[in-house]
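Me: I would like to learn how to read a structural model feature by feature, with the general idea placed before the particular case. Could we work through one together?

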Amino acid sequence: SPYIKFVDNKHMKTENFSTVTEFLLVGLSRYPELQLSLFMLCLIMYLIILLGNSLLIIVSVLDSRLHTPMYFFLGNLSFLDICYPSSFVPPMLIIFRTGKISISFLGCILQMVISLGLGCTECVLLAVMAYDRYVAICNPLRYPIIMNRVRYLHMATWSWITGYMISLVQTTMTIVLPFCGNNVIDHFTCELLAVLKLVCSDITINILIMTVASIVILMFPLLSIFISYVFILSTILRLNSAEGRKKAFSTCSAHLTVVILFYGSALFMYMKPKSKDTKVSDEIMGLFYGVVTPMFNPIIYSLRNKEVKEAAKKILSRHLHLLKI
């Protein structure tokens with residue numbers, strides 16, 4: 001094994017360190033009696049995620065009435081909700097069935113970059129969607145001008161760029177640190193905090209940057225969502241039309257439900273005091289954050305949105321008619 005030399009003013013000391021080429025994901029493998037049940041549960045939820053979000057994307061693309069900024073952002077959210085669980089659920093299912101808990105160093109780093117980038121992107125995207133609803137409800141006459149095609153394309157693009165810039169910075173700062181042979185990750189995925197626990201050098205800077213990034217990517221978007229909805233609710237309450245209030249509440253309540261589910265689990269994971277860390281709660285919240293929320297998103301938007309339901313029925317009836325012919 002390669003070795004590293006430490007030199008100080010008093011003496012020189014040589015210690016042997018093993019090179020880390022793979023990691024062991026031991027999180028959910030501690031419950032062998034639950035492996036089959038967890039496999040079936042995660043597989044069913046993953047299939048629902050793929051089906052629900054894919055249908056939402058297809059409906060928003062095929063129905064011309066849904067070619068608006070709101071459904072463009074919703075399509076981005078659905079694509080994101082497909083990609084995020086896909087970064088760790090298939091390997092997790094393999095672990096449940098084969099018991100092989102190892103993942104290569106490169107595979108772990110890629111998983112960390114992708115999942116963290118998607119999580120950060122969703123934070124920004126939800127804030128962008130709140131701004132879109134603010135303009136649509138509070139400034140309806142100027143909405144086509146403010147949310148023109150160029151602007152909403154730029155907003156979506158910068159959501160992805162911002163998310164992955166933050167992910168690349170934090171991941172790069174982690175992988176350059178020495179792991180010293182410790183390769184057992186006490187989690188079911190290569191989550192940033194779990195990987196940092198394996199580092200055998202000072203991670204104060206990493207924790208500081210992670211805290212700042214968490215505040216920027218979690219608190220700032222959440223604050224902008226809160227401010228947007230203060231104006232939205234005040235505008236809705238002033239509407240004279242009961243039907244208009246109902247439609248506005250229906251659209252906004254779907255987005256607010258998604259925001260609460262996503263930010264609630266994210267804040268619990270990344271902003272809770274370190275003294276509150278528990279392995280079981282972290283893993284349960286990780287599953288909720290990574291699997292349950294993406295599964296609920298298309299259900300929430302389809303059930304609470306009359307336009308989506310009508311578009312889905314129209315497309316379904318058209319295809320059934322073609323099959324009969």
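This is a predicted model: local features need pLDDT of at least 70, side-chain atom pairs count only at pLDDT 80 or more; totals for chains, interfaces and linings use all residues.

Me: Which cysteines form a disulfide, and how far apart are their sulfur atoms?

Reply: In general, a disulfide is a covalent bond between the sulfur atoms of two cysteines. Here a search of the whole structure finds 1 disulfide, formed by Cys 108 and Cys 190, with their sulfur atoms 2.0 Å apart. The torsion about the S-S bond of Cys 108 and Cys 190 is about -125°, so this disulfide is left-handed. Because Cys 108 lies in helix H4 (residues 105-138) and Cys 190 in the loop between strand E5 (184-185) and helix H7 (192-196), the pair ties together parts that are 82 residues apart in sequence.

Me: Are Cys 108 and Cys 190 buried or exposed?

Reply: Both Cys 108 and Cys 190 are buried. Cys 120 also deserves a look, since at 5% relative accessibility, under the 20% limit, it counts as buried, yet Cys 120 is in no disulfide, and the nearest cysteine sulfur, that of Cys 123, is 6.1 Å away. Cys 83, by contrast, has 24% relative accessibility and therefore counts as partly exposed.

Me: Which residues have the most contacts inside the largest nonpolar core?

Reply: That core has 94 residues, and those with the most contacts inside it are Phe 73, Met 92, Leu 126 and Ile 185. Helix H4 gives the most to this core, with 18 residues. For Met 92, once its neighbours within four places in sequence are left aside, the contacts are Leu 28, Cys 42, Phe 188 and Leu 287.

Me: Why do the buried residues of helix H3 line one face of the helix?

Reply: The general idea is that an α-helix has 3.6 residues a turn, so residues three or four places apart point the same way. In H3 (residues 89-98) the buried residues are Val 89, Met 92, Leu 93, Ile 95 and Phe 96. Seen down the axis of H3, these buried residues fall within an arc of 155°, and therefore they line one face. Just after H3, Gly 99 takes a positive phi of about 80°.

Me: Which strands are joined to strand E3 by bridges, and in which sense do they run?

Reply: E3 (residues 22-25) pairs with strand E4 (residues 102-104) in the antiparallel sense over 3 bridges, whereas 2 bridges join E3 to E5, and these two run parallel. On the E4 side, Glu 22 stands opposite Ser 104, and in E5 the bridge partner of Leu 25 is Ile 185. The faces of E3 can be read too, with Phe 23 and Leu 25 on the covered face and Glu 22 and Leu 24 on the uncovered one.

Me: How far apart in space are Ile 215 and Leu 267?

Reply: Ile 215, found in helix H8 (residues 204-237), is 52 residues from Leu 267 in sequence and 9.7 Å from it in space, C-alpha to C-alpha. At 34% relative accessibility, Ile 215 counts as partly exposed.

Key
Residues are numbered from 1 along each chain as its sequence is written. Side-chain values use heavy atoms; hydrogens and water are left out. A disulfide is a pair of cysteine sulfur atoms within 2.5 Å. Helices (H or I, at least four residues) and strands (E, at least two) are DSSP runs, numbered from the N terminus. Buried means under 20% relative accessible area, exposed over 50%, partly exposed in between (1.4 Å probe, protein chains only). A nonpolar core is a set of buried Ala, Val, Leu, Ile, Met, Phe, Trp, Tyr and Cys residues joined through side-chain atoms within 4.5 Å. Contact means heavy atoms within 4.5 Å. The arc is that of the directions from the helix axis to the C-beta atoms. Two strands pair if DSSP finds at least two bridges between them.
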